[in-house]
Structure formats: C-alpha cells, structure tokens
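Here are my notes after a look through the model you sent.

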Amino acid sequence: MIEVKDLHKSFAEQDVLKGIDFVFENGKTNLIIGQSGSGKSVLLKSMLGIFTPEKGIIEYDGKAYSDFSPEQKRELRKDIGMLFQGGALFDSMTVEENVMFPLRMFKKGRKKNHLDRVHEVLERVNLGTESRNKYPAEISGGMQKRVAIARAIVNKPRYLFCDEPNSGLDPKTATIIDNLIHELTVEYDITTVVITHDMNSVLEIGENIAFLKEGVLAWKGDKSQIFKTDDETVTDFVYSSDLFKKVRQAQLQGL
Amino acid sequence: MSYLHSIGEYIIMIKGVFGRMTKRSVLKELIFKEIDELIIGSLGIVAFLSFFIGGVVALQTALNLNNPLIPKSLVAYAARQSIILEFSPTFISIIMAGKVGSFITSSIGSMRVTEQIDALEVMGVNSLNYLIFPKIVAMLTYPFVIAISMFLGITGAYAAAVFGGFLSPEDFIGGLQDDFIGFHIFYAFFKTFLFAMILATVPAYHGYYMTGGSLEVGKASTTSFVWTSVVIIVTNYIVTQLLLS
C-alpha cells in the first residue's frame, strides 16, 4: 500500500500538486486519471522519488519515504517495477537481456537460474521463444510493452508503476496490456499505480481511481462509480469523447 | 552564468560517475564493449589519416625546401616533430571528437530521450557510473591509438619522402634521429591522456543532460563536437605553455 498525504510540489513558483491525499491499495490497479497538465506524471515521479515534494508525506507500507536512509531508498527501488510510456527498453540489448537486466544488477546466483526466471516471465506475458533474441527495434509496439512489463516484474516487485501503458497501441492490444497489468497485480498481490487518460482503461481495470484536476484531487472512486457521478469536473473529462458523450446522453434519457 | 552552471553541472556529473559503483561483472563486460566501440572501432580511420597526413607533411616540407644549404634530412625531422608533438595527439583527438564524441553524445542522448536513463535510475542503478565510467576506463587505452598514429604517420612520411625520391632512406633515418628529445614523448602522451578524459566526459555530459526529442540529439552531438574541440585546443595550449615554454 502507498499513501500520499497533503502532497505539494511546485516548479518555478508554479504549483503543480496542491495537497494530494490518496491511498493506493494493495492488490488493486490504482489509476491516476486527468487531463494533460493535471499533475499525474508529477505525482508519479514524486512517489518514485525522482521529484522531492515541498510538503507532504509519501508512505510505503506505513513508512515515510522521506525518513528512509539512502540505503533504504536503494532497497526500496529494488521492490519497484516501472513500465514507462515508451517502454524504455535498452536498444543495445535483446529482449532476453532486457528482462534479465534487473536480475544481473541486483540478484546473486547463476546465469542459468536467471535465464529460467526470464523465460518464466516472458511466457507469463505471452511472448514466444522466437522473440527472445530480437532487439527492441525488431518487435512491435505491443510486444515492446510486454517485454517492458516482463522486465518490471522479473524481480518480483511489491509496487508496479505504469506511465500510460497503452499509449501508441491499437485498442485491442491496449485492452490486452490493461488486462495483463490487472492479472499480474492480483497474481503477485502488488500495489499497482497506473497513469492514464484512456477511458477504456478506466472501464477495464479502474478499481481505485484518483481524478486529478489542476493539481487537486477532484474525485476518487472506482469504475462503477465514475460513470454515475454527477460531479461536473469528472463528467467533463469522462464524456469528452464522442462515444462516451453518446453513452452519457443515453444514460440521461434513461435508455 | 550559463557557462558557470554548465561547469558546475559537469563537476557534479564527474562526482556522480565515481559514486556508487555498478556490479563488477557487469562493469567488466561494459568496459570491453566500450573498448571495442570507441577504440578498436576507430583504429581504421586513425591509421588511414595518420599514414596519409604523415606523407603529406613530408611532401610539403620537401617541396618547400629550395635552399641547398638546408640538409634534406630536415624533411624527416620536421615530419617527426609535427607528427609527435601536434598531429597525432591533438589533431587526431579533434577528429575523434567528431567520431567518438558524437557517438557518445548521441547514444547517451537517445537513452535520455527514450527514458532509458530514467529506467536505470528507477531500478536503483547509478546511471552516471553505469554509462560513463566504462567509457572513461576504455579511453585510458587511447594513448595506444595515438602511439599507432605516430608510428603510421612517420611511416607515411618515410614512404612519401623516400619512395617519392626526395631523400635517401639513410637521410630520412638520420633526420628522424636528429636532436631527439625524450621529454617530447612524455609531453605528447601526457596531453593525450588529458584529451582522452575530455573525449570521454565532455560528450557524455552533453548527452546526459540534454533535453527534448530526437532533433535535440542531433543538436547536442554538434554542440558536443564544438565544445570538445574547444576544450582540447585550450587544454593543448595550456599544457604546451606549462611543459614546453
């Protein structure tokens, strides 16, 4: 579980986060949604320790991140898996080497054991043997995302962060990736935090949603509640696409 | 002010490079990979340039020596001095700023743009050490490249002067040995070592701290080449002033 309390962050006197309070629950896919510039990425990077907040507390399983020693912070990072927007796979390494990277860096043991674990997670994300020795540039965007997920979970993390995991993917692949993230969250019993502005993701995996607007937590709930709320700030965002607008009109007409 | 900021950032980067070290087995592999890419991969162009520039230096000297009172062996002497003192250490380093420097900037810059450096940091890897330290260690072998360049430069000068019919092999060897000062070799390799450190770190700085997208990677490579060359030229002047004047 990750809890943020009264989190403030600003850049060059511009307040980006203005007192966020939220609990990211264990075993659930926690979504941070909101328009571009609402502070989603800044919140995520503050939770990861990339940005230092001016005020507020970030607690990992009840322990404040700001109280961690440098050694404890390093240890915590080994428990974190991160899926970047573009995958952030290492171009110079094959799929297998990319997934093995965290094991080589932080785990002791024989290469064969590492390889067994790599093959296990690659199979778990449904990547066949034919792609193992390919370079990231030689595989599709969807496969790159799968490799990135495999790399994020290979070290059995306790926390998984995903920055717009289905950006640049077709709707079908995006759904597959969303479902995969959700399945892994339940299977590994981890705290997963996903940044997205894709309403399909909200529908698929939104178990615990934080809606940010201009650096403020404007709404929180789950996927069943978000389509029922009358909160205008949320409905403006949720029904911004034509498809969801039609759904909303149908809802209002009682169809 | 921005120059001061850059110098400060560069110093902080160097401190970070020697901070928390990457696992030894991984580092060893990275160092060999960098030696292959930065050093072995540059030998061909260095050998080609050195041989022909050495030849041109000898030709130019021979063609401009019209006074019968000046011994012909001066061709070899002039070639030796210009190749050992300046051409091999300094001008090959400037060429390397274009080849190796641009490669370092663009490879690290691409990693920055595609969030690969962020990925390293999030995993708890000291990205500065992981990316730049192996390059610094690999560049410690750079003086060997310069030694090869010196040898081939003088060989090129010999070929042009002797086979071009300007002077006999004995005259050339005699000229090569005239007034030889051993300290010049120390001077040449001392500054080569400094240039190697500049070649490894200045382009790395431009790649690591770049912002923007792929277009900026190209711009960073150009800026890196300009600044690496400027730093090499200024360092060359200071070292020459300190050691030889």
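1. Burial first: of the 255 residues in chain A, 41% count as buried. Keep in mind that this is a predicted model.

2. On overall build, chain A comes out at 10 helices and 10 strands. Its radius of gyration is 19 Å, close to the 18 Å that the globule rule gives for 255 residues, so chain A is as compact as a globular protein of that length. Along the principal axes, its C-alpha atoms fill a box of roughly 60 × 45 × 30 Å.

3. Now the interface. There, 13 residues of chain A are in contact with 11 residues of chain B. On the chain A side, H2, S6 and H3 each supply at least two of the residues that touch chain B. By class, that side has 8 nonpolar, 1 polar and 4 charged residues.

4. Have a look at helix H5 of chain B, residues 116–123. H5(B) is mostly covered, with 6 of its 8 residues buried: Gln116(B), Ile117(B), Ala119(B), Leu120(B), Val122(B) and Met123(B).

5. What do the buried residues of H5(B) pack against? From chain A, they meet helix H2 (70–78), strand S6 (80–83) and helix H3 (95–106). From chain B itself, they meet helix H4 (74–113) and helix H6 (127–139).

Key. Residues numbered from 1 in each chain as written. Chains lettered and ligands numbered in written order. Predicted model: local features only at pLDDT ≥ 70, side-chain atom pairs only at ≥ 80, totals over all residues. Buried ≥ 20, exposed ≤ 12 C-beta atoms within 10 Å, placed from the backbone. Helix = DSSP H or I, 4+ residues; strand = E, 2+ residues; numbered from the N terminus. Contact = placed C-beta atoms within 7 Å. Nonpolar A, V, L, I, M, F, W, Y, C, P; charged D, E, K, R; others polar. Rg over C-alpha atoms; globule rule 2.2 N^0.38 Å.
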